Amino acid sequence: MWWAIYFTAVTLLLLLVAGALAVLTDAYSKALEAYRLAKLTLDQWSSLASQLDRTICTAAEHLATKAVESLDVGRYKELGPMFARAMSEVRAKTYLKRLNYSWSFQGDVFRYNVTFLRRGAGGAVDWLRPTELIEAAQRIKSVSFDLTASTVYDALRPLIPRGTVLSGVVYGYLTGNGTYTGTLTGEYTLRDKTPLRCVDGNLSVSFSASHYASLTLNSTQPSVYIYEVVYIDS
């Protein structure tokens, strides 16, 4: 009879040990999974933070280039909503569910910020000025020339922003008899001398314009031909 009691006791002990091991195994598995998720989440944050500045820089310069080429600053201002969509997608498709972000424009300066728990990353794109180049191009397109009082260079020089170069040519016929008037064609390239940081080249825009012009000469010729090479380094 004693052996039955002994067998029962041993069996109960084994069951207790097995239960304890199962609990420990389950706790270990849960701890291991929590560690794996925590490490994966941290890796995702580190990847986002390390690539953020370069990604924003590339996108900003690409959009600024498109804006200047089309003389439409709205193309550059698409950067804000684009950033918001990208961060929203990151939050939806990664473990960074508590990711927060913000952005703003101050003129052409784009500021951005992302935070996750107590970590943060952000910066500013403050070297691009598509608005200034576009506005300068529009001023140039609307200028007229009084070639009796000043030269093409004199008329264009005040319109060029500092740190830019305007090159091109102005040409065409003026008609009259002593006093000549008409429309001259201007073909220009306005280039920002500040190099882009993440893509090759500089911000620049090529455009053409029609300029009303007048000129008074001591002449009876029916027309005069104007051809002026333009190069203004501001």
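User: Hey, which residue forms a salt bridge with Asp-192, and how far apart are the closest N and O atoms?
Analyst: That's Arg-129, and the closest N and O atoms of the pair are 3.0 Å apart. Keep in mind that this is a predicted model.

User: Is Asp-192 buried or exposed?
Analyst: Asp-192 is buried, with a relative accessible area of 2%. Arg-129 counts as buried too, at 17% relative accessibility, because the cut-off for buried is under 20%.

User: What else does Arg-129 pair up with in a salt bridge?
Analyst: Its side chain also meets that of Glu-132, at 3.3 Å from N to O. Glu-132 is partly exposed, with a relative accessible area of 33%.

User: Which residues make up the network, then?
Analyst: Salt bridges link Arg-129, Glu-132 and Asp-192 in a network.

User: OK, zooming out. How many salt bridges turn up in the whole structure?
Analyst: A search of the whole structure gives four. One of them joins the side chains of Glu-89 and Lys-93, with an N to O distance of 3.0 Å.

User: Where are Glu-89 and Lys-93?
Analyst: Both are in helix α3 (residues 79-93). They sit four residues apart, which is about one turn of the helix.

User: And are they buried or exposed?
Analyst: Lys-93 is exposed, at 64% relative accessible area. Glu-89 has 44%, so it counts as partly exposed.

User: New topic: where is Thr-164?
Analyst: Thr-164 is in strand β5 (residues 164-177). This residue is buried, and its relative accessible area is 0%.

User: What does the side chain of Thr-164 reach?
Analyst: It reaches the backbone oxygen of Pro-161, at a distance of 2.6 Å.

User: Which residues is Thr-164 in contact with, leaving aside neighbours within four places in sequence?
Analyst: Among them are Arg-129 and Asp-192, the two residues we started with, which form a salt bridge with each other. The list also includes Leu-133, Leu-190, Arg-191 and Lys-193, as well as Ile-232, Asp-233 and Ser-234.

Notes: Residues are numbered from 1 along each chain as its sequence is written. This is a predicted model: local features need pLDDT of at least 70, side-chain atom pairs count only at pLDDT 80 or more; totals for chains, interfaces and linings use all residues. Side-chain values use heavy atoms; hydrogens and water are left out. Helices (H or I, at least four residues) and strands (E, at least two) are DSSP runs, numbered from the N terminus. Buried means under 20% relative accessible area, exposed over 50%, partly exposed in between (1.4 Å probe, protein chains only). A polar contact is a pair of N or O atoms within 3.5 Å; within protein, one must be able to donate a hydrogen and the other to accept it, and residues adjacent in sequence count only if both atoms are side-chain atoms. Contact means heavy atoms within 4.5 Å.
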